[in-house]
Amino acid sequence: MRIIVLGPPGAGKGTQAKLLAEKYGLEHISTGDMLREEVKRGSKLGNIAKEYMDQGLLVPDNVIVEMIAERLGEGSMGKGFILDGFPRTLSQAKALEDVLGGMADIDMVIYIDVDDDVVVRRLGGRRSCPKCGAVYHIVNNPPKNDEICDKCGHPLIIRDDDREDVIRKRLDEYRKRTSPLIDYYMKRGKLVRVDGNKDIYCVFSEICIHMDKFFKSSAMEGKE
Ligand code: AP5
């Protein structure tokens, strides 16, 4: 199964993608995590990306498309994959179709719809583990020990782009450049919308209903 998770910054794309990957045995591919890894390594790509990320701007399409094409070309995707944070522009969506060889290859686009004020509250309280990638929220999903990762014991950090001025810029970029994808995938009959304002496990159950429906209809059609 090949899924895209779409939504504004802080919608819960990463949180839901991790839960789905675990439940359905899918590979979780997050362009944000891949870029942060490059920044940490101090690679050429990381240095280019950092300039854009720190300002809340999208990294240029050619850089992202090259990175994702390489990742998808590596194979070993288990039962399929979940793209989290890609595509983010119409040009990236078209490039993805070229890589996959046609829209038919994306099975479902899960659009997590969240209000702006919820986004600002969520990102303001997010804490991330730079070692294992686990994500928490100081109120909604706190770690057991203050500021320490439950999974690996590493101290948690606040992401550089989770400052309020950068969050506003990321929301602007989303509205201008990413939100047209909602219509794009709706017209192609791929989009399912879920209400992302609810709590993490309510959102997850709603997505699972769509996933299970998809698996059931694929099984009836004799597809995997
Ligand atoms: P990226 O890392 O993808 O950032 P983003 O899209 O802005 O999304 P976030 O990671 O901030 O949020 P999320 O939706 O994953 O929410 P999360 O689950 O963490 O990208 C970062 C940057 O990289 C971009 O700005 C850009 O510069 C660049 N980039 C990446 N991909 C690119 C691309 N394709 N093209 C160009 N540039 C690209 O949850 C947020 C918080 O809320 C957490 O604390 C969580 O615990 C909490 N939470 C989650 N769900 C709920 C819920 N239902 N109820 C209550 N709390 C919740």
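A polar contact here is a pair of N or O atoms within 3.5 Å; within protein, one must be able to donate a hydrogen and the other to accept it, and residues adjacent in sequence count only if both atoms are side-chain atoms. With that in hand, let's look at the ligand. The model is predicted, so local features need pLDDT of at least 70 and side-chain atom pairs count only at pLDDT 80 or more, while totals for chains, interfaces and linings use all residues. Residues are numbered from 1 along each chain as its sequence is written, and side-chain values use heavy atoms, with hydrogens and water left out.

**Around the ligand**

| Residue | Atom in the protein | Distance |
|---|---|---|
| Gly85 | polar backbone atom | 2.9 Å |
| Gln92 | side-chain N or O atom | 2.9 Å |
| Arg122 | polar side-chain atom | 3.2 Å |

On its own the ligand has 1,000 Å² of accessible area, and the protein covers 97% of it (Shrake-Rupley method, 1.4 Å probe). The shell holds 37 residues, the closest being Thr15, Leu57, Arg88, Arg126 and Arg170; a residue counts as near if one of its heavy atoms lies within 4 Å. By class, 15 are nonpolar, 12 polar and 10 charged. Ala, Val, Leu, Ile, Met, Phe, Trp, Tyr, Cys and Pro count as nonpolar, Asp, Glu, Lys and Arg as charged, and the others, Gly among them, as polar.

Helix 2 (31-41) gives the largest share of this shell, four residues. Helix 1, helix 6 (116-124), strand 6 (135-137) and helix 9 also supply at least two residues each. Helices (H or I, at least four residues) and strands (E, at least two) are DSSP runs, numbered from the N terminus.

**Aromatic rings**

Rings of Phe, Tyr and Trp (its six-membered ring) pair if their centres lie within 6.5 Å; planes under 30 degrees apart are stacked, over 60 edge-to-face and the rest tilted. There are three such pairs. Tyr24 and Phe215 are stacked, 5.5 Å centre to centre with 25° between the planes. Because Tyr24 lies in helix 1 (residues 13-24) and Phe215 in helix 9 (residues 200-220), this pair ties together parts 191 residues apart in sequence. Tyr24 is buried, at 10% relative accessible area, while Phe215 is partly exposed at 29% (buried is under 20%, exposed over 50%, partly exposed in between; 1.4 Å probe, protein chains only).

Tyr184 and Tyr185 form an edge-to-face pair, 5.1 Å centre to centre and 85° between the planes, and both are buried. The charged end of Arg188 sits over the Tyr184 ring, 3.7 Å from its centre; this requires NZ of Lys or CZ of Arg within 6 Å of the ring centre and within 35 degrees of the ring normal.
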